[in-house]
Amino acid sequence: MLVKDKQIAIIGGGPGGLTLATLLQKKGVAVTVYERDSDRTKRIQGGTLDLHTESGLAALGKAGLLDAFKASYRPGAEKVRVVNKQAEILDDEHTKSETTHFGDEHHRPEIDRGALRALLLDSLQPDTLVWDSHITSLKSVGKRWKLMFQNGATAIADIVIGADGANSKIRPFVTPIKPFYSGVTIVEGNVYDSATNTPRIHALLKGGKIMALGDSKTITISAKGDGSLDFYAGWKAAANWAKDTGVDFKDRQQVLTLFEGAYEGWDRIWVELFEGASLPLIVRPQYCMPLDQSWEAQSNLTLLGDAAHLMPPYAGEGVNMAMLDALELSECLTSDQFADTQSAIAHYEKQLFNRFARVGRETLDNTDWMHSPEGLEKLVKLFNPAA
């Protein structure tokens, strides 16, 4: 095996990095994951994720974790209500009979991010993950890498995999290619105890998802298993919009004034989100890597997930792509068909480039039409072609 007796360092303990670590350990590879969080409970893990049969679920199956997933996912949480800006329901998956199940091509079971992270963490050998390890840089030491962390610690690895997200510290050592702005900015919020703090939204949500479109704007809401909800308000804006507006996203009144101006004419039900959300809200300008990106493969360094192919969330492919990256990279590094690790990584990256060119195009197309005057009509047609 190419990576026999080699120490692999994975930078980042998100779904992609943890999936890779699990898959490699199952094949006897020595691997350490370095994660910037101080412990597993430090950070709220965002909204829910729908895993896809050919990617996220395929990776979990290979890792022997499908039973753990089935014990942790939330049946029904994937059901979507498509509504207009007046909160009128135009398509409702809660009224449709179940047509898919595990193994079906279009099955999209939903799991909370925190639950997915927990089951992946629990699958690892003790001491695989080193917390409080915010990497700052790499240094080439012969054929190996020296890793340097913000807390002053260092480590040595034979192979480094950057799974450290949109602001990857590893990516510049692989390629100078930078992302471009997609034209859409998201304002993200979380509401605890949604039944109490956003009662009308909670009832409309019905434990699933809401997609509200109108006036070239979107609001997407997901229920979570702990009784909270996450929401994402998106619209077309300049890349530096948040800075230019001068809005303090820790100030409730400023946030409400901003929303009421940006979503003028929308029903008052949506104000609940901004009245009930924990502050500060998070502003996320949506960037995407160039669809034709490529680079020369190295023998001891590569990327996966957002570090490799950052894109907006409007196709639901981000985590699924990261987990499929993990599956394909683990197969390449432990295969006997390659002469050396550089060939194995080159093969993996070629698959990554080709897949991202296709999925990234779909994602950018969705991002554009969802934030257009025709967005609602197109979304209803997508969910109900006969409408």
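## Terms and basis

The model is a predicted one, in which local features need pLDDT of at least 70 and side-chain atom pairs count only at pLDDT 80 or more, while totals for chains, interfaces and linings use all residues. Residues are numbered from 1 along each chain as its sequence is written, and side-chain values use heavy atoms, with hydrogens and water left out.

## The seven-stranded sheet

Seven strands with mixed pairing make up an open sheet, whose order is S5-S4-S13-S14-S15-S12-S16. Its edges are strand S5 (89-92) and strand S16 (282-288), and because each has a single partner strand, one side of each is left without a neighbour in the sheet. Direction ignored, neighbouring strands are turned by 20° against each other on average; axes here are lines fitted to C-alpha atoms, for helices over the stretch in contact, and angles run from 0 to 180 degrees between N-to-C directions.

Within this sheet, six bridges pair strand S13 (residues 209-214) with strand S14 (residues 217-223) in the antiparallel sense, and Ile210 has Ile221 in S14 as its bridge partner. Helix H12 packs on the sheet and touches strand S12 (180-191), S13, S14, strand S15 (229-236) and S16, its direction making about 70° with that of S12; contact means heavy atoms within 4.5 Å. Helix H13 (residues 375-383) also packs on the sheet, where it touches strand S4 (80-83), S5 and S13, and its direction makes about 145° with that of S4.

S8 and strand S9 (residues 144-149) run antiparallel and are joined by six bridges, with Met148 in S9 as the bridge partner of Ser137.

Elsewhere, strand S1 (residues 7-11) and strand S2 (residues 30-34) are paired in the parallel sense over five bridges, and Ala9 has Thr32 in S2 as its bridge partner. Four of the five residues of S1 are buried, so this strand is largely enclosed by the rest of the structure; buried means under 20% relative accessible area, exposed over 50%, and partly exposed in between, with a 1.4 Å probe and protein chains only.

## Helix H1 and its two partners

The axes of helix H1 (residues 15-26) and helix H4 (residues 113-122) come within 9 Å and cross at roughly 25°, which makes H1 roughly parallel to H4; angles under 35 degrees count as roughly parallel, over 145 as roughly antiparallel, 65 to 115 as roughly perpendicular and the rest as oblique. The contact involves Pro15, Leu18, Thr19 and Thr22 of H1 together with Leu116, Arg117, Leu120 and Leu121 of H4, and these residues divide into five nonpolar, two polar and one charged. In this classification, Ala, Val, Leu, Ile, Met, Phe, Trp, Tyr, Cys and Pro count as nonpolar, Asp, Glu, Lys and Arg as charged, and the others, Gly among them, as polar.

With helix H11 (residues 318-333), the axis of H1 comes within 8 Å and crosses at roughly 25°, and the two helices are therefore roughly parallel to each other. Pro15, Gly16, Thr19, Leu20, Leu23 and Leu24 of H1 meet Val319, Ala322, Met323, Ala326, Leu327, Leu329 and Ser330 of H11, a contact with 10 nonpolar, three polar and no charged residues.

Ser299 lies in the loop between S16 and strand S17 (301-303) and counts as partly exposed because its relative accessibility is 33%. Its C-alpha atom is separated by 3.8 Å from that of Gln342, 43 residues apart along the chain. Leaving aside neighbours within four places in sequence, Ser299 is in contact with Ile159, Thr341, Gln342 and Ile345.

Ala346 is placed in helix H12 (residues 341-370) and, at 33% relative accessibility, counts as partly exposed.

Key: Pairing = 2+ DSSP bridges.
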